[in-house]
Amino acid sequence: MRSKRNERRSRIEAAFELLRSRISTALGAADRERERVLAAHAQQEHALRIAETGLATAERTPAAAGDDGSAEFRAALREARQQRAEAFAEWTGTGPAALRELVAEAAPGAAGLDFPEWLGRVGDADPAAPPGLWRIGTASVPDSPAPEEFPAALPLLDEAHLRITTGRDTEESAEELVQNLLLRALSHFPPGAVRVHVWDVTQLTGTLPGLHPLTGAGLLTVHDPTRLDEMLDGLSDHIRRIHTGSLLGGHTSLRAMAAETGRRAEPWRVAVLFGDGEALREEQQQQLQRIARNGLACGIQLIVVDLSLTVNSAIESVALPSDGPARASTTGPEAVVQLDPAPERSRVTAACSAIAEEFQSRRARVRSLDDLLPEHFWTQRSTSGLQAPVGFSEGEQVDVTLGDASPHMLIGGPSGSGKTNFLYGMLGSLAARYAPDELELYLLDFKEGVSFAQFTPGKRDPSWLPHARLVGVNVNTDREFGLALLRFLSEEMRRRAEAAKEHEVTKLEELRGEDPAGRWPRIVAVIDEFQYLFAERDPVTAQATTLLEDVARRGRSQGIHLVLASQDVSGIEAFWGKPAIFEQFILRIALPKARRALADQNSAAMELPRWHAVVNHESGVRHGNEIARIPDATAKKTFDRLQQRLWERRDPAAAPPILFDGSLLPDLAELADYAQLRAPVATPRVLLGRVIDVHGAAAAVRLARSPGRNIAVLGSGSEDAGSVLGAAALSLARQHRPGGIEFTVAGLVDEVAEQVRDLVQALRAHGHDVERAYPDSITGTVGGIAAGLDERTGADVPHCLLLYGVDAVHGRMEDKDPQTRLSGLDDLRKVLKQGPERGVHVLGWWRSTQRLKNTLGMAPVDDIGAWVAFDVQGQELSTFAAGQPVSWSPRARRGLFFDRSVHSRPEVVLPLRLPAPEAAVLPEPRREDARPEVREEAGE
Ligand SMILES: Nc1ncnc2c1ncn2[C@@H]1O[C@H](COP(=O)(O)OP(=O)(O)OP(=O)(O)O)[C@@H](O)[C@H]1O
């Protein structure tokens with residue numbers, strides 16, 4: 001029993017013991033925990049102090065961070081060091097070195113190197129690729145484990161504005177910082193690329209004194225402290241002008257545009273405003289904010305000192321407090337910045353003088369065409385428009401822009417004022433910048449003379465302008481050529497619009513984006529003395545007006561730009577009456593004394609000195625005027641040299657431009673349509689002349705075996721008639737193998753003897769049988785052919801009857817055969833009527849319409865399916881043109897051509913020069929040269 005009790009007791013005691021020991025353990029732990037917490041707290045307090053003081057300071061002067069000699073302080077310091085080491089581990093290893101490398105790369109030359117390395121030298125860096133950073137000094141992070149120095153730099157020009165704030169005694173540092181940055185920018189680029197405006201609320205002069213040598217050259221403008229408005233207005237004007245004139249279509253900033261085009265179109269304008277910490281007037285502040293918002297895209301850079309500037313656009317800042325080190329937004333609050341010291345004043349002045357002198361000497365130099373040319377040719381893309389300098393203002397290039405905002409150009413200037421010269425300079429400047437795949441030129445000059453012939457290959461100079469696709473000279477009497485060009489442009493617009501539609505876009509610019517592999521050059525069509533187009537009250541003028549309106553209105557979006565020039569006020573006035581057209585000509589060029597090329601109230605052209613022009617991208621209103629000195633581009637050899645360089649760069653497979661010279665007759669042998677004829681063919685094409693179009697196409701008739709396929713030439717002159725009949729016969733000869741066609745050639749008037757002899761010789765040289773007929777044998781010959789018609793099966797060899805001067809034998813042919821009671825004329829009528837479907841065709845010359853009617857007698861005029869008429873008035877021809885009225889005043893060496901099977905209206909043709917008989921046989925076209933589909937006759 002007792003033992004049982006003892007056992008319980010010892011169990012209880014043990015339990016109590018356990019309990020006590022547990023309690024004591026627990027209590028001890030709590031004590032220790034309390035102590036630990038107290039120690040940790042002390043360490044945290046220390047850590048907080050150390051953090052507040054800065055680790056670097058705490059290390060240097062521990063007392064300042066509350067060092068009480070305790071273990072806790074030491075631990076806190078240790079932990080802070082460790083954390084710092086961890087935090088900076090990556091930075092310490094690579095940070096400063098990487099930054100040095102970055103700045104070296106992003107701030108090359110004067111943007112980043114030390115002053116002695118560049119100060120005093122004039123810059124030559126390309127403004128199209130400005131530096132990303134500009135150095136201001138040296139930075140370090142004092143709190144880093146082993147503080148190392150690295151360059152401090154800021155993004156500026158185009159990238160960000162700069163705000164500097166000063167303390168009580170740091171204004172001077174601010175001015176040095178500004179001066180250093182300006183020196184870097186001014187010295188980096190060629191003089192003129194950076195313009196500086198300074199406004200200082202506290203003083204009129206004396207700010208940035210080292211830069212003052214720039215003032216005389218206009219590179220530095222110091223604004224009156226009381227006239228901030230003027231400076232702000234000036235900057236706002238620049239922004240507006242750059243938006244309307246310089247920024248091409250899709251581009252929203254000069255920087256982006258320069259990146260695409262390879263050329264900076266405008267200088268940077270750096271506006272430095274020194275304030276005094278006081279707020280500006282409300283309107284001024286708002287205008288400043290607006291400039292800050294929109295300026296960077298237009299090359300306008302603000303540097304404000306002690307002024308507030310709060311906008312969403314990029315702003316960097318540098319703080320220069322009086323009681324501590326400088327800090328910059330780019331390097332952050334942890335880094336302190338040691339600003340670069342200013343170079344010696346004398347060196348600053350000398351450097352600025354050098355820049356100013358170089359700028360002035362460049363500006364004063366008489367500029368040549370070469371000064372308009374870029375360093376590298378053919379680097380610009382025409383996606384959003386065309387832009388090229390045409391002259392100089394104060395040494396700066398003045399550009400013209402053909403794009404969405406200013407699609408077409410009107411040039412006015414009296415004779416001798418330099419219009420042709422202006423066009424040469426502009427075309428040269430464009431052609432040097434844009435490759436022929438980016439720009440095509442169509443050039444038409446209504447003036448007498450050969451001004452654009454330079455662009456085509458000549459006897460002495462085989463070079464040509466690779467961009468030129470078509471050149472028309474001496475076209476003053478061939479207004480139809482103007483129509484042909486406009487029609488071609490209109491057709492091209494339609495083609496482009498359709499291609500755009502297929503890609504589900506509407507504009508050329510978008511089409512080029514959707515179809516990057518396609519060839520979609522911009523087209524510039526120049527028409528010099530365009531008023532000729534509207535010279536008469538006739539259908540040509542009416543059509544020209546309609547077409548011009550169409551091209552002017554829709555060309556904008558399809559990359560087709562018109563450049564119209566006129567010396568004649570009336571030409572331009574004719575235009576004023578057509579506002580729908582005129583309004584599209586937003587870009588105006590006025591040469592000295594040009595009247596009405598600008599807006600009514602704008603008389604700037606009247607005061608222009610010689611060889612200058614007003615360039616105006618705002619429909620000629622006064623505030624859009626830019627006055628440019630135009631270099632001489634027509635002096636001997638000037639353009640030749642440029643053309644030679646461009647020509648050498650051309651694609652070897654490129655063809656020269658088509659030349660239409662109204663003073664010359666084209667050669668049959670040089671006509672592409674003739675060279676491409678081949679034998680045998682089912683239905684031959686008979687070439688009669690050349691139509692007035694932009695392809696240099698032949699006027700041709702298909703000689704099918706069907707009724708009416710006879711051809712008449714009408715007119716009094718044998719030369720033109722002989723040309724048409726000869727070209728017809730030679731083209732038939734080329735389309736038949738020897739023996740595949742029979743010719744009968746009848747010279748019925750004396751004056752054609754030579755032509756007939758040459759033709760017969762040429763036809764025989766082709767290997768064809770030629771029978772000849774004479775005035776005394778013609779009746780028999782025609783009678784024989786008429787009689788033979790009945791036997792023809794339709795599969796026989798075709799027979800071509802060439803009659804030179806049918807009417808001369810009219811009398812003889814009227815004689816009737818006593819037996820048959822039929823005359824030679826009756827036989828001829830039968831041949832005309834029944835021949836064609838049996839392969840017998842008459843190609844004849846009559847000396848007037850009446851004489852042709854006499855031959856036909858009661859036979860229908862339909863038997864003459866096609867005709868060419870020279871020196872015949874329009875009204876006489878309407879019978880042969882399906883009865884419709886024909887408006888035509890005959891002119892020398894031009895015929896009117898009508899083929900009733902394809903034409904709705906007659907068209908103008910030029911007779912051709914025939915080859916000498918020994919040269920009449922051309923080689924067969926190579927298969928690959930032949931066009932797959934023979935062009936249809938040019939008809940309407
Ligand atoms: N910017 C210039 N600098 C020097 N000479 C020039 C300049 N522009 C034109 N000239 C010269 O002036 C003359 C007339 O120029 P241009 O032929 O261009 O005038 P235009 O207005 O086309 O005259 P027109 O209509 O009578 O042909 C030419 O001999 C030309 O070399």
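Guide: Everything described here belongs to a predicted model, in which the protein has a mean pLDDT of 88 and 93% of its residues reach 70 or more. For the complex, the predictor gives an ipTM of 0.98 together with a pTM of 0.70. One stretch calls for caution, namely residues 929-940, where pLDDT stays under 50 and for which the model has 20 contacts beyond four places in sequence.

Now to the part you asked about. The largest nonpolar core holds 175 residues, and those that touch the most other members are Leu-688, Ala-728, Ala-729 and Leu-802. Helix 17, which runs over residues 718-734, supplies the largest share of this core, with nine residues. The core also draws at least three residues from domain 3 (370-661) and at least three from domain 4 (670-929). To see what this looks like around one member, take Ala-728 and leave aside its neighbours within four places in sequence: Ala-728 is then in contact with Val-686, Leu-687, Leu-688, Ile-711 and Leu-843. Apart from this core lies another one, of 84 residues, which includes Val-103, Ala-193, Ala-292 and Ala-356.

Gly-895, found in strand 30 (residues 895-899), counts as buried because 29 C-beta neighbours lie inside 10 Å, where 20 or more are needed. Not counting residues up to four places away in sequence, Gly-895 touches Gly-689, Asp-720, Val-868, Ala-869, Phe-870, Val-909 and Pro-911. The C-alpha atoms of Gly-895 and Val-908 are 5.7 Å apart, although 13 residues separate the two along the chain. Phe-115, placed in the loop between helix 3 (71-106) and strand 1 (134-140), is also counted as buried, because it has 20 C-beta neighbours inside 10 Å and the cut-off is 20 or more. Phe-115 and Arg-184 stand 69 residues apart in sequence, yet their C-alpha atoms are 8.4 Å apart in space.

For contrast, consider residues at the other end of the scale. Ala-97 lies in helix 3, and it counts as exposed because it has 11 C-beta neighbours inside 10 Å, where 12 or fewer is the limit. From Ala-97 to Gln-601 there are 504 residues along the chain and 63 Å between C-alpha atoms. Glu-491, in helix 10 (residues 479-502), likewise has 11 C-beta neighbours inside 10 Å and therefore counts as exposed.

Glu-529 is not a glycine, yet it has a positive phi of about 55°, and its place is in the loop between strand 16 (522-528) and helix 12 (539-558). With 23 other C-beta atoms within 10 Å, Glu-529 is buried. Arg-821, again a residue other than glycine, has a positive phi near 65° and sits in the loop between helix 20 (810-814) and helix 21 (824-834). Arg-821, however, counts as exposed, with 8 C-beta neighbours inside 10 Å. A further backbone feature is the cis peptide bond between Ala-679 and Pro-680, whose omega is about -5°; Pro-680 belongs to the loop between helix 16 (672-675) and strand 22 (685-691).

Notes
Residues numbered from 1 in each chain as written. Predicted model: local features only at pLDDT ≥ 70, side-chain atom pairs only at ≥ 80, totals over all residues. Core = buried A, V, L, I, M, F, W, Y, C linked by C-beta atoms within 7 Å. Helix = DSSP H or I, 4+ residues; strand = E, 2+ residues; numbered from the N terminus. Domains from an automatic or database assignment. Contact = placed C-beta atoms within 7 Å. pLDDT = per-residue confidence, 0-100.
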